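Come along as I look things up, one item at a time.

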Amino acid sequence: MSHEQRFVERLPATNYQQMGMAMGVAPEEWVFDEPDKVRGLHAAFIDAGADIILTDTFGGSSLRLRESRYAGRATELNRRAAELAREASAARDGVLVAGSMGPTGMLMEPLGELTATAAADAYREQAAALEEGGVDLLLLETFFALDEALAAIEGIRRASTLPLAVTFSFDRGTRTMMGLSPTRMVEAIAPLGVAAIGANCGRSLNAGLPRMVGDVAHYETGPAEMADYAMRFVQAGARVIGGCCGTSPEHMRCMTAALSGGRVRFRGQD
Ligand SMILES: [Zn+2]
């Protein structure tokens, strides 16, 4: 339907693909199909120094799952994903589990068919299930549209009082795909009592831009180069650092090694 939808569905689950996930399989399917591998990837990032791990639920809202094999099972899937991350987090004291929630992949009215009520309900359901599964905080990530994020926050607030972080993808340089600037995003989101705001996905926040080889996206920013970007973000004031598409445990290891102690770090879903 929308540019947004195509973009979101192209987010490559590069780590899972290296672990054998076939092209076209949604990463969330592995919560049920390959739970040991989901736990294994969490463990690899914790071992690489991540302090916050993200549940495998980026596309886990009922709206995103509608046409998947697990349509109608959003509550169960999100709860289980949170449990898997929670189990993995025991590997090191202090590791936090963040419940990842990406966009619906739909456009809101009047540009598209999604109503604010339907969006809020989907995020309420997802947040409730993630909290039931034991997450420490919630994360809305890779958002492009302010109205969708506002509806999501409203729904989440009905389900949970957990700390909520919100990040947008300013993948058009200084704007999101929907034309939103960071300044406008902060003006709209910061007063809502969120625990953190930020940016994810895009040139310097991924392991570079993907080069397509057949259907497979290859990210060509090496771990050392990405650690250099991480340093620059910290120098610019960022207090939570992570990676997004293409970020491997090796990238994480390089970033955590490069950054001074006491910084909180987290990893991206993909
Ligand atoms: Zn990304």
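**Overview.** I began with burial: 49% of the protein's 270 residues count as buried. I reminded myself that this is a predicted model. Next I looked up the secondary structure, which comes to 11 helices and 9 strands. Then I checked how far contacts reach along the chain. Taking contacts between residues at least 6 apart in sequence, I found that 77% join residues at least 24 apart.

**The nonpolar core.** Which residues touch the most other members of the largest nonpolar core? I found that this core has 66 residues, and that I53, A119, Y123, L138, A149, A152 and I156 are the ones with the most contacts to other members. I noted a general point beside this: nonpolar side chains tend to be buried together in soluble globular proteins.

I picked L138 from that list and looked up its contacts, leaving out neighbours within four places in sequence. L138 is in contact with A98, G99, M101, A127, L130, I156, S160, L162 and L164. I was pleased to see I156 there, as I156 is also among the core residues that touch the most other members.

**Helices α7 and α8.** I turned to the helix pair α7 (residues 116-132) and α8 (residues 146-159). Their axes are 7 Å apart, and the helices pack at an angle of about 45°. An angle under 35 degrees would count as roughly parallel and one from 65 to 115 as roughly perpendicular, so α7 and α8 are oblique to each other. Their crossing is right-handed.

I then listed who makes the contact. From α7 come A116, A119, A120, D121, Y123, R124, A127 and A128, while α8 brings E148, A151, A152, E154, G155, I156, R158 and A159. By class I have 10 nonpolar, 1 polar and 5 charged residues in this contact. Looking back at my core list, I see A119, Y123, A152 and I156 again in this contact.

**Helices α4 and α6.** Next pair: α4 (residues 35-47) and α6 (residues 74-89). I read an angle of about 45° for their packing, with the axes 9 Å apart. That makes α4 oblique to α6. The crossing of α4 and α6 is right-handed. On the α4 side I noted P35, V38, R39, H42, A43 and I46, which meet L84, A85, E87 and A88 of α6. The classes in this contact are 7 nonpolar, 1 polar and 2 charged residues.

**Helices α10 and α11.** My last pair is α10 (residues 223-235) with α11 (residues 249-258), packed at an angle of about 45° with axes 8 Å apart. These two are therefore oblique to each other, and α10 passes α11 in a right-handed crossing. I wrote down P223, A224, M226, A227, A230 and M231 from α10, meeting E250, H251, C254, M255 and A258 from α11. I have 9 nonpolar, 1 polar and 1 charged residues for this contact.

**D56.** I moved on to loops. D56 sits in the loop between β1 (52-54) and α5. Is D56 buried or exposed? The cut-off for buried is 20 or more other C-beta atoms within 10 Å; D56 has 31, so D56 is buried. Leaving out residues up to four places away in sequence, D56 touches P27, E28, W30, V31, V38 and A81. I also looked up a C-alpha separation: D56 and A82 are 26 residues apart along the chain, yet 8.0 Å from each other.

**R69.** R69 belongs to the loop between α5 (62-65) and α6. R69 has 12 other C-beta atoms within 10 Å, so I noted R69 as exposed. Its C-alpha atom is 7.8 Å from that of E29, 40 residues away along the chain.

**P103 and P110.** Both prolines are in the loop between β2 (96-101) and α7. P103 is buried, because 28 C-beta neighbours lie inside 10 Å. For P110 I looked at the backbone: the peptide bond from E109 to P110 is cis, with omega near 5°.

**T142.** My last stop was strand β3 (residues 137-143), where I found T142. T142 is not a glycine, yet has a positive phi of about 65°.

Conventions
Residues are numbered from 1 along each chain as its sequence is written. This is a predicted model: local features need pLDDT of at least 70, side-chain atom pairs count only at pLDDT 80 or more; totals for chains, interfaces and linings use all residues. Axes are lines fitted to C-alpha atoms, for helices over the stretch in contact, and angles run from 0 to 180 degrees between N-to-C directions. Helices (H or I, at least four residues) and strands (E, at least two) are DSSP runs, numbered from the N terminus. Angles under 35 degrees count as roughly parallel, over 145 as roughly antiparallel, 65 to 115 as roughly perpendicular and the rest as oblique. A crossing is left-handed if the near helix is turned anticlockwise from the far one by less than a right angle, and right-handed if clockwise. Two residues are in contact if their C-beta atoms, placed from the backbone, lie within 7 Å. Ala, Val, Leu, Ile, Met, Phe, Trp, Tyr, Cys and Pro count as nonpolar, Asp, Glu, Lys and Arg as charged, and the others, Gly among them, as polar. A nonpolar core is a set of buried Ala, Val, Leu, Ile, Met, Phe, Trp, Tyr and Cys residues joined through C-beta atoms within 7 Å.
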